Amino acid sequence: MIRAHTVEQVREAEATLLAQLPEGALMQRAAYGLAHAVLDLLGGGYGRRVLLLVGSGDNGGDALYAGAVLARRGAYVEAWLLSDRAHAAGVAALRRAGGRVGPPQPSRSWDVVLDGIVGIGGRPPLRDDAAAALEAVAGVPVVAVDIPSGVDVDTGELAGPHVSAAVTVTFGTHKIAHLVDPAAAECGVVHLVDIGLDLPEPALEALQPADVAALLPVPGGQAQKYARGVVGVRAGSAAYPGAALLSVAGAASGLAGMVRFVGDPTVQDRVRAAFPEVVGDGRVQAWVVGSGSDDSAEDALRAAVDDDVPLVVDADALAFADLASGRPAVLTPHAGELAAMLGADRAAVEARPLHHVREAADRYAATVLLKGRHTLVAERDRPVRATTSGTPWLATAGAGDVLGGLVGALLAAGLAPYDAASVGSWLHGAAATFASRGGPIVAGDVARALPVVTAALHP
Ligand SMILES: NC(=O)C1=CN([C@@H]2O[C@H](COP(=O)(O)OP(=O)(O)OC[C@H]3O[C@@H](n4cnc5c(N)ncnc54)[C@H](OP(=O)(O)O)[C@@H]3O)[C@@H](O)[C@H]2O)[C@@H](O)CC1
Ligand SMILES: Nc1ncnc2c1ncn2[C@@H]1O[C@H](COP(=O)(O)OP(=O)(O)O)[C@@H](O)[C@H]1O
Ligand SMILES: [K+]
């Protein structure tokens with residue numbers, strides 16, 4: 001599991017550790033890890049040209065000490081101090097190691113910039129002098145120290161100019177901005193340096209393959225199809241028959257024991273032709289409702305709610321999500337749909353996805369899965385889960401229908417809504433990456449890849 005903590009949680013853990021360690025030891029650990037990440041990126045130190053952007057806090061201190069390590073490895077290191085209160089011991093260490101301190105020499109070209117402007121003590125927006133320094137080094141790859149300066153650490157929001165990093169080296173634990181967009185998209189590759197912090201329950205987490213494998217419902221020797229769970233799909237319409245096929249394709253991932261389909265008769269024929277294993281109406285352990293349902297969405301959701309089993313509420317059914325409020329249910333909006341549910345603008349949801357997904361989980365007393373580059377799953381009183389598997393090629397029509405069906409299969413197999421949503425989202429992203437191999441895919445490819453990625457979790 002990748003765990004992310006708030007600034008306050010990190011500060012508390014840091015204070016406990018600082019009290020036990022000799023002065024400066026924690027910063028040395030951080031700086032050493034940072035320097036080695038930079039050496040990895042540059043393929044060595046000798047002859048490399050490194051510019052440090054140094055603010056007034058300990059984040060600048062990390063950059064200065066790492067700069068000293070790099071200078072001792074033969075790099076040419078220069079520190080641009082953005083404050084006259086830069087970390088004094090760090091400045092001295094850099095000088096001792098042969099680094100230069102002062103405004104950068106205009107003619108120099110840099111292999112890398114270390115962003116030590118602000119870390120977890122920064123409050124966006126960045127000040128003008130810091131923003132001007134970033135402009136001056138535009139085009140040079142940046143390694144962000146702890147956090148790309150200018151992003152809001154605890155919300156993942158952007159507020160004005162900020163660093164776009166190739167690599168972010170963080171310390172002790174991930175921060176929320178490393179996992180939540182739009183800030184997460186500015187972090188590049190995130191590298192965690194262990195500095196020995198003892199941390200509480202995280203604010204946010206991201207499942208890793210081992211976590212997904214541990215949560216996955218796997219049939220035992222005595223398995224039989226009904227006991228494995230039956231998932232029902234009420235999706236599609238004469239106008240959108242494809243959505244029914246894709247929702248069923250996700251449900252027919254093999255993770256539940258049986259799939260039922262209920263819908264428009266012409267659509268039903270097409271579903272049966274494409275999926276001979278799918279049967280008609282009857283008892284189910286979970287319903288998936290709404291993908292392409294058009295004007296039948298409300299009736300379909302009411303019928304599903306009457307069965308009193310866990311629900312996936314997708315697409316057209318989201319307009320009636322109040323019907324699922326307080327029930328075991330996963331609501332699966334994209335940003336536009338969530339905006340409509342909350343009476344907000346789509347742009348506001350995209351700028352503040354964490355805020356809005358939490359608001360919806362609270363308002364609907366349900367599990368809310370907000371689709372996007374890093375999908376977020378929120379439920380009251382639980383850490384939000386972010387999905388980091390996937391590829392931008394997954395942003396393709398019908399991919400969301402497959403996801404809804406898949407989450408429904410996991411609900412039917414007995415996972416709680418929170419786990420079904422986050423495990424389903426992870427598998428969906430992994431299947432997309434597997435199917436894509438770096439190239440284009442369509443939604444059906446994602447569904448077809450689900451058994452392969454599921455099998456790969458249990459070698
Ligand atoms: N926690 C840990 O376990 C460890 C932490 N470590 C490191 O310490 C870092 C935290 O250091 P920190 O507390 O000194 O804060 P930090 O982020 O460097 O600077 C804050 C200062 O910047 C300023 N400033 C504020 N807003 C600004 C703005 N918008 N634009 C420009 N300037 C702005 C403001 O100062 P002012 O100039 O207002 O006096 C403020 O005081 C952490 O991220 C990690 O790198 C590791 O060494 C070891 C383990
Ligand atoms: N930039 C992106 N990178 C990775 N995945 C993305 C990106 N944008 C969207 N997705 C994923 O693509 C899928 C699109 O689903 P959705 O918006 O519901 O489309 P549709 O309604 O056509 O099925 C979601 O699973 C979402 O998380
Ligand atoms: K930084």
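Figure 1. The model is predicted: local features need pLDDT of at least 70 and side-chain atom pairs count only at pLDDT 80 or more, whereas totals for chains, interfaces and linings use all residues. Residues are numbered from 1 along each chain as its sequence is written, while chains are lettered from A and ligands numbered from 1 in the order in which they are written. Helices (H or I, at least four residues) and strands (E, at least two) are DSSP runs, numbered from the N terminus. Ala, Val, Leu, Ile, Met, Phe, Trp, Tyr, Cys and Pro count as nonpolar, Asp, Glu, Lys and Arg as charged, and the others, Gly among them, as polar.

Figure 2. Of the 30 residues around ligand 1, Gly57, Asp58, Asn59, Gly119 and Gly121 come nearest. Helix H1 (7-20), helix H2 (25-42) and H3 each supply at least two residues of the shell, and the largest share, four residues, comes from H3. The shell around ligand 1 comprises 14 nonpolar, ten polar and six charged residues.

**Figure 3. The open sheet.** Seven strands, in the order E4-E3-E2-E5-E6-E7-E9, form an open sheet with parallel pairing; two strands pair if DSSP finds at least two bridges between them. Strand E4 (100-101) and strand E9 (189-193) stand at the edges, each with a single partner strand, so one side of each is left without a neighbour in the sheet. Strand E7 (residues 167-171) pairs with E9 in the parallel sense over five bridges, and Val167 stands opposite Val189 in E9.

**Figure 4. The two domains.** The domain assignment, automatic or from a database, gives domain 1 (2-206) and domain 2 (209-456). The C-alpha centres of domain 1 and domain 2 lie 39 Å apart. Their contact (C-beta atoms, placed from the backbone, within 7 Å) takes 15 residues from domain 1 and 14 residues from domain 2. On the side of domain 1 that touches domain 2, nine residues are nonpolar, two polar and four charged.

How values were computed
Near = placed C-beta within 6 Å. Contact = placed C-beta atoms within 7 Å.
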